[in-house]
Amino acid sequence: MIKTAVILFAAVVVANAMMRPMRIQNYDDCSCEHHETDPCDEEEEPSTPPTTVPTTPSTSQKATTQSTSTTRTITTTQTTPTSTTTPAVCPTDDNRYTPIIRKNGYWCAFFNQPTSRDVIPLPYSEGVEQCSLLGAEMASLETEAESILWANLVRRLSLASYPISGFWVKSDYNATSERWYWSDGQADPNIDPQPTVRDPNGKIAAFVGSDPDTPATLEVVSQRGTGPGVVNTVLCGVPGLQFS
């Protein structure tokens, strides 16, 4: 009985094996060289490549320091230094001038000193010519201070070198007003007091007395330079620095 049961069990096993469906192998796509004898392994389904999930790089917050540049505006004021040089009031190329302060500015005058110790009369016309040759013109006497200055100089020159008894000064006569006036072009024309008239057709000359620090005496004398006194030189001058 046991032997018969074993045989029946074996027969059932063989029958089940013969009835199992077979899997068809795909030899065409197999890469084995001897698939007839050594069949390739079963075709594996293509594996899905792993999906790479991009990782967002960590953003490093950098502290941005904004440099604030402060521009300093420097205003430079150019200061022109004040000149300490005193401007020349008379022509600087000639030291013969004596500056005189007048109403409108400086007047620079000088004597045309006589060349002889003898008192020789100098005609008025020659006096005008001498000043012109020296680049000047016959000068007037605007103020009493100016008259005293030249009178004192005449006294010193008379003692030191050549005697001067009188000198011509520039003037003219206004017949309408019947007055004499200064006419060198820069002096205030007013003459007060008016000169003593010795010759109505003459010109004004300044005569110097012996008393120091006194103004010269103004007299209208002959244009020949003769009269009660002798006119033997002339006062010349040029305009200096004028007042604004």
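A: First, the term: a salt bridge here is a side-chain nitrogen of Lys or Arg within 4 Å of a carboxyl oxygen of Asp or Glu. Side chains of opposite charge can pair when their charged atoms come close.

A word on what you're looking at. This is a predicted model, where local features need pLDDT of at least 70 and side-chain atom pairs count only at pLDDT 80 or more, while totals for chains, interfaces and linings use all residues. Residues are numbered from 1 along each chain as its sequence is written, and side-chain values use heavy atoms, with hydrogens and water left out.

For orientation, the chain has 3 helices and 10 strands; helices are DSSP runs of H or I with at least four residues, strands are runs of E with at least two, and both are numbered from the N terminus. Going from the N terminus, the order is α-β-β-α-β-α-β-β-β-β-β-β-β.

Buried means under 20% relative accessible area, exposed means over 50%, and partly exposed is in between (1.4 Å probe, protein chains only).

Arg102 also forms a salt bridge with the side chain of Asp184, at 2.9 Å from N to O. Asp184 sits in the loop between β6 (179–182) and β7 (196–197), so its pairing with Arg102, in the loop between β1 and β2, ties together parts 82 residues apart in sequence. Asp184 is buried, with a relative accessible area of 3%.

Then there's Asp188 with Lys103, whose side chains meet in a salt bridge at 4.0 Å, N to O. Asp188 is in the loop between β6 and β7 and Lys103 in the loop between β1 and β2, so that pair ties together parts 85 residues apart in sequence. Asp188 counts as partly exposed at 26% relative accessibility, and Lys103 is exposed at 60%.

Back to Arg102: salt bridges with shared partners join Arg102, Glu146 and Asp184 into one network.
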